[in-house]
Amino acid sequence: MKILTPRHSFSLDYTPKQWVGFSNTFLLLLVAAMCGTVIYEVYNINQRFTTMLDSSVATIDLLATSVASSKIQPFWKEINNNISVYSSFFKMNDDDESMVLIIGSISNGEMHVEDLRCLIKYNGEEDINVVEASFEKFSNCSAFLVYCPTKGNKIPSKVVLISYSDTNPKRWIEVEKISSSKESHLIKPKTAACVQPLTENISVETIQEFIEFYETIGLSHFYLYDFFAPEDVVDFIRELIDNGHSINILPWNKNVKPLNSCPFSGHEYIQDCLHRALDKFNNVLTVDATDYFILGQYSSIDELLENYSDYGELQIKKALHCDTSNQNLADLSLKNMHFVGPIEPSRTNYFFRPEEKSAVEFYTSSSRKALKSTEILSEREGIVGKLSNECERDFNI
């Protein structure tokens, strides 16, 4: 004998607590519509966390229409009180394992990847693709990398990383496309500089001398990060760009913490720079705006690096030197520099090969690359000079 359970009739007989839950949900959706934001998650009437994605409720996407026609500058954006993200990159792989990579930072060393989802928008599509996020973290570093698988051979344009532990609306991150090796083998000429974020202490004169010096010894491009640099410095850099100098200046709003045991290639701004350079340059040099790489027996950086065609990272030695105010920067050489103190391997000055040290190349390959050992550049070939404040005033060269 079948027992049929009667279907409950429609009723408005809810408890006051349930009515409050309904009201809160309706108010949240109304605020989203009025403010032009994106709401992906809400609380249900029992105060248990519910995701619109998992319950098949359509995502409200009001932000995309207002930003689709403009370029979104990278900027550190908080996902929750532990996670923030900066930039994202996409590279098409031949083995159908293409994915978006997001560069982020974690504050307390713990991260629960099961709490994260990626929302991906594709060129020419209004729909949002929702995927689970996978996670890699650099050893002993605050930097982490999130991977979001993409669908087919479609090119993503924007991505959002969301967390179950936070219901605040998030802003899109522009996805930078990295050309494949087939597309880029003819357009990767020389060496770029990844420059430590510029702070409020930097001056126009310092930037001018820095750019002039490194262009003289053969650098092709500069990646600069504006960490609240003075307005006149930023304006000067934009003038250089308008006048044809090859420079990217990107906003930055995160302190660069002491190294401790974190490898330098694992720093957030270094990874961002490596990915931007990946399909454009064979090598990057990491420097501060007050560092000067003094060549030895070579006339240019590219001539020097021809002897190091198969390296992952090349550590440079560093030493303090005395200022010679009457010396032309273009004439700096190891022979006429007066170094004070020891000449030691630097912790912040390297030549990196982007295809060896950028995370998207390492983590998304079907068989992960074997890490190449770090080599140390001979001091006869080049040294980074850092101006010392302890030189005697009456010292003359």
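## Basis

The model is predicted: local features need pLDDT of at least 70, side-chain atom pairs count only at pLDDT 80 or more, and totals for chains, interfaces and linings use all residues. Residues are numbered from 1 along each chain as its sequence is written, and side-chain values use heavy atoms, with hydrogens and water left out.

Helices (H or I, at least four residues) and strands (E, at least two) are DSSP runs, numbered from the N terminus. Buried means under 20% relative accessible area, exposed over 50%, and partly exposed in between, with a 1.4 Å probe and protein chains only.

## Disulfide C118 to C148

The structure holds three disulfides. The term stands for a pair of cysteine sulfur atoms within 2.5 Å. One of them joins C118 to C148, with an S to S distance of 2.0 Å. The torsion about its S-S bond is about -50°, so the C118 and C148 link is left-handed.

C118 sits in strand 8 (residues 116-122) and C148 in strand 11 (residues 143-149), so the pair ties together parts that are 30 residues apart in sequence. Both C118 and C148 are buried.

## Disulfide C141 to C262

C141 is bonded to C262, again a disulfide, with S to S at 2.0 Å. Here the torsion about the S-S bond is about 100°, so the link of C141 and C262 is right-handed. The pair links distant parts of the chain, 121 residues apart. C141 is in the loop between strand 10 (134-137) and strand 11. C262 is in the loop between strand 16 (247-251) and helix 6 (268-277).

C141 is buried, at 5% relative accessible area. C262 also counts as buried, at 11% relative accessibility.

## Disulfide C194 to C273

A disulfide joins C194 to C273, with S to S at 1.9 Å. It is left-handed, with -80° about the S-S bond. C194 lies in strand 14 (residues 191-195) and C273 in helix 6, so parts that are 79 residues apart in sequence are tied together. C194 and C273 are buried.

Strand 10 and strand 11 pair in the antiparallel sense over four bridges. Pairing requires that DSSP finds at least two bridges between two strands. F135 stands opposite V146 in strand 11.

The two strands form a hairpin with five residues between them. N140 is in the turn and has a positive phi of about 60°.

## Salt bridges

Side chains of opposite charge can pair when their charged atoms come close. A salt bridge is a side-chain nitrogen of Lys or Arg within 4 Å of a carboxyl oxygen of Asp or Glu. The count comes to seven salt bridges.

One of them pairs E176 with R276, at 3.7 Å from N to O. E176 lies in strand 13 (residues 173-178) and R276 in helix 6, so the pair ties together parts that are 100 residues apart in sequence. R276 also meets D272 in a salt bridge, at 2.7 Å from N to O. R276 and D272 both lie in helix 6, four residues apart, about one turn of the helix. R276 is buried, with a relative accessible area of 11%. D272 is buried too, with a relative accessible area of 0%.

E355 forms a salt bridge with R353, and the closest N and O atoms are 2.7 Å apart. E355 counts as buried at 16% relative accessibility. R353 is buried as well, with a relative accessible area of 14%. Salt bridges that share partners join E176, D272 and R276 into one network.

D302 is in helix 7 (residues 301-305). D302 is buried yet has no salt bridge. The nearest side chain of opposite charge is K190, 4.7 Å away. For charge, Lys and Arg count as positive and Asp and Glu as negative, while His and the chain ends are not counted.

D302 touches K190, T191 and G218, not counting residues up to four places away in sequence. Contact means heavy atoms within 4.5 Å.
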